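Please consult the sequence and the structure while reading.

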Amino acid sequence: MQTKYIFVTGGVVSSLGKGIISSSIGKLLQARGYRITIQKFDPYINIDPGTLNPYEHGECYVTNDGMETDLDLGHYERFTGIRTTRNNSVTTGRIYKTVIDRERHGDYLGKTIQVVPHITDEIKRRMLRQEDSTDYDFIITEVGGTIGDIESAPFMEAIRQLRWELGRNAVSVHLTYVPYLKAAGELKTKPTQHSVKEMQGMGIQPDILILRTELHLSDGIRSKVASFCNVDLECVVQSEDLPSIYEVPVNMQKQGLDAAILRKFAIPVGETPAMLPWHEFLNKQKTATTIVRIGLVGKYDLQDAYKSIRESLNLAGIYCGAKVKMEFINSEAITKQNVGELLEGFAGVLICPGFGQRGIEGKIIAAEYTRTHDIPTFGICLGMQMMVIEFARNVLGLSDANSREMDADTPHNVIDIMEDQKNITNMGGTMRLGAYACELREGSKVASIYKEAMISERHRHRYEFNNDYLTDYESHGMQCVGTNPESHLVEIVEIPDNRWYIGTQFHPEYSSTVLRPHPLFVSFISATLQSSC
C-alpha cells in the first residue's frame with residue numbers, strides 16, 4: 001500500500017509523553033502486521049544531542065549507524081524492536097546546515113534562501129523519507145517541543161503543507177494536557193482547547209486528540225473536547241497515569257486508538273490483535289514480587305540521564321521475577337571512609353558511563369569496594385574504565401595509574417586516547433560511535449551469557465583500554481575477554497574469581513527491548529538474586 005504518515009505533536013507543556021505515545025502507536029500498527037518506523041524532529045539548533053549536558057536534555061541515545069540522538073529513539077526501539085538510523089533523528093541544526101551547505105555549493109542558483117520554502121522543503125523531504133519510504137506502510141513523525149514555540153514554527157508549517165499535499169495519506173495526532181485543579185476539585189479542558197486553537201491558527205486541524213491526565217476522564221469531558229475542538233468523539237482518547245509506561249499500548253488499544261487511525265486512512269480495521277507476547281510480559285511485570293536493590297554510581301542526579309540503563313535493569317528484573325529498586329549514589333560524595341555505608345544493602349552496583357574528571361575518584365573507590373567485597377558489579381563505558389584504573393592502582397601496584405582523559409601526564413595510562421582521535425578538534429559526532437563487532441573468548445563468563453562467539457554492540461567514547469598493559473592485567477586476574485577482531489581493542493573485562501564483575505566499553509543498554517531484554521542485564525540481575533533467570 002502507499003505509505004501513510006502520522007504526525008505527533010504536543011501542546012500546553014512539554015514532557016507529556018509524546019515519545020511513549022508515538023512508540024505505542026507504532027507498536028499497535030506493528031501488531032497488525034504493518035511495517036513502521038518512527039522519527040523524531042527536534043527544534044533545537046544543535047546538530048545532535050551529542051554535546052549536550054545530560055542535565056539539559058537527558059540521555060544521548062546512539063543508533064547502530066553511529067548517530068547521537070534524542071532519548072525518545074530508545075523508547076521507539078524498546079517498544080517496537082525496530083532499529084533506528086541517523087534518518088530517524090533530525091534537528092533544526094541539521095536542517096539549516098544542509099540548506100546552508102547547498103547554498104554555498106551553488107545549488108540554489110542565486111536565489112534568496114528563506115525559511116519558506118527552502119527550510120520547510122528540507123523538513124518535508126526528511127519527513128517523507130523519500131529515500132526509503134517504500135520500505136514502510138506507516139512513517140510516524142514526532143515533533144519535539146510544544147505548539148506555539150517559535151523554534152517549532154517551521155516544522156508546523158511543513159506539516160501543514162504535507163497535510164494538504166498528502167490528503168488522506170496523512171493524519172495529525174495531538175497530545176495535550178487536561179490538568180486537575182485540586183482546590184476546585186475539577187478537571188479543566190480549557191488548556192486543550194487553546195492548544196487546538198493554536199494549531200488551527202497554523203492551518204492544522206488535529207484528527208485525533210490524546211488527553212494526558214492524572215485522573216480518569218468522563219465521557220462528558222471527552223464529548224466536550226470533541227465538540228469544542230472539531231474532532232470525532234471516537235478520536236478523543238485519554239492517556240491517564242498508569243503504573244508502567246509499558247501498559248500504555250494496551251490502554252490505547254482498549255480505547256481504539258489504532259482503529260481510529262486506520263479509519264482516518266480509510267483502511268479496513270479488521271480484528272483486534274491479541275498481542276500475546278506483550279500481555280505475557282505485562283503479566284510477568286505484575287507478578288514480579290522480589291525486591292532487588294541496585295545502586296547506580298554516577299554523577300548525573302537526573303532520571304533521564306541514564307534512561308536506557310534504568311529501563312534495561314527494569315526489564316531484566318521483570319524477566320527474573322523481580323522488581324528492581326534503583327537508587328542513585330552521587331560518585332562525588334563517595335570517599336574511602338563512607339563507601340561501605342553508602343553501598344550497604346545493595347545486591348548489585350552499576351558504575352555508570354559519563355565524561356570528564358568530576359566524580360571519577362568516587363567511581364574508582366566504589367569499584368574497589370565492590371571488587372573486594374564480591375558484590376555483583378556492572379561497569380559501562382567510563383564505568384568499565386574506572387574498574388580498569390582501580391585494578392591497576394590496587395592490584396598491579398600502579399598507584400598513579402589513570403586515563404589520559406583525566407590526567408594527560410599520567411605515567412601509567414592504562415586508559416588512553418585512540419590513535420585516530422588524537423588530532424580531532426571538533427567535539428560533536430567524532431567519537432567511536434555506533435555498532436562494532438566484538439569477539440568473545442571461549443570459556444569466559446560473557447561467552448556463556450551471550451551464548452555466541454561474535455556479537456555487535458554500540459559505542460560512544462574516545463578512550464580505550466591500553467593493550468600495552470594487557471598481559472599484566474590477565475596475569476593478575478582481570479581477563480580481557482572481548483575484543484574487536486579488526487582493531488584488537490578491548491571491549492569487555494571480567495574477573496572470573498568474583499561472582500559477577502564485568503565491564504563493557506560499549507553500551508549494551510541501547511540494545512535491550514521489552515520482548516528481548518539484554519542478556520548482560522538479565523545475567524547481572526540473576527547474579528544479584530543468586531538464582532538463574
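## Loop contacts, salt bridges and a helix pair

Leu 302 is found in the loop that runs between strand S12 (290-298) and helix H12 (307-319). The model discussed here is predicted. Pro 54 lies 248 residues from Leu 302 along the chain, yet the C-alpha atoms of the two residues are separated by 8.0 Å.

The discussion now turns to salt bridges, of which the count comes to 34.

| Salt bridge | N to O distance |
|---|---|
| Arg 32 and Asp 258 | 2.9 Å |
| Arg 212 and Asp 241 | 2.8 Å |
| Asp 232 and Lys 264 | 3.2 Å |

The salt bridge of Arg 32 with Asp 258 joins the loop between helix H1 (18-31) and strand S2 (36-42) to helix H10 (residues 257-264), so the pair ties together parts that are 226 residues apart in sequence. Both Arg 32 and Asp 258 are buried.

Arg 212 also forms a salt bridge, with Asp 241 as its partner. Arg 212 belongs to strand S10 (residues 208-213), whereas Asp 241 is in the loop between strand S11 (236-240) and helix H9 (248-254), 29 residues apart. Arg 212 is partly exposed, with a relative accessible area of 22%, and Asp 241 is partly exposed at 40%.

The side chains of Asp 232 and Lys 264 likewise meet in a salt bridge. Asp 232 lies in the loop between helix H8 (219-229) and S11, and Lys 264 in helix H10, so this pair ties together parts that are 32 residues apart in sequence. Asp 232 is partly exposed, at 43%, as is Lys 264, at 23%. Salt bridges that share partners also join Lys 40, Asp 42, Asp 70, Asp 72 and Glu 142 into one network.

Finally, a pair of helices may be considered. The axes of helix H4 (residues 92-105) and helix H5 (residues 115-128) come within 10 Å and cross at roughly 120°. The crossing of H4 past H5 is right-handed. Among the residues that make the contact are Ile 95 and Val 99 of H4 and Ile 119 and Glu 122 of H5. By class, the contact has six nonpolar, two polar and five charged residues.

Note on methods: Residues numbered from 1 in each chain as written. Predicted model: local features only at pLDDT ≥ 70, side-chain atom pairs only at ≥ 80, totals over all residues. Heavy atoms only, no water. Axes fitted to C-alpha atoms, helices over the stretch in contact; angles between N-to-C directions. Helix = DSSP H or I, 4+ residues; strand = E, 2+ residues; numbered from the N terminus. Left-handed = near helix turned anticlockwise from the far one by under 90°. Contact = heavy atoms within 4.5 Å. Nonpolar A, V, L, I, M, F, W, Y, C, P; charged D, E, K, R; others polar. Salt bridge = Lys/Arg side-chain N within 4 Å of Asp/Glu carboxyl O. Buried < 20%, exposed > 50% of the residue type's maximum accessible area, 1.4 Å probe, protein only.
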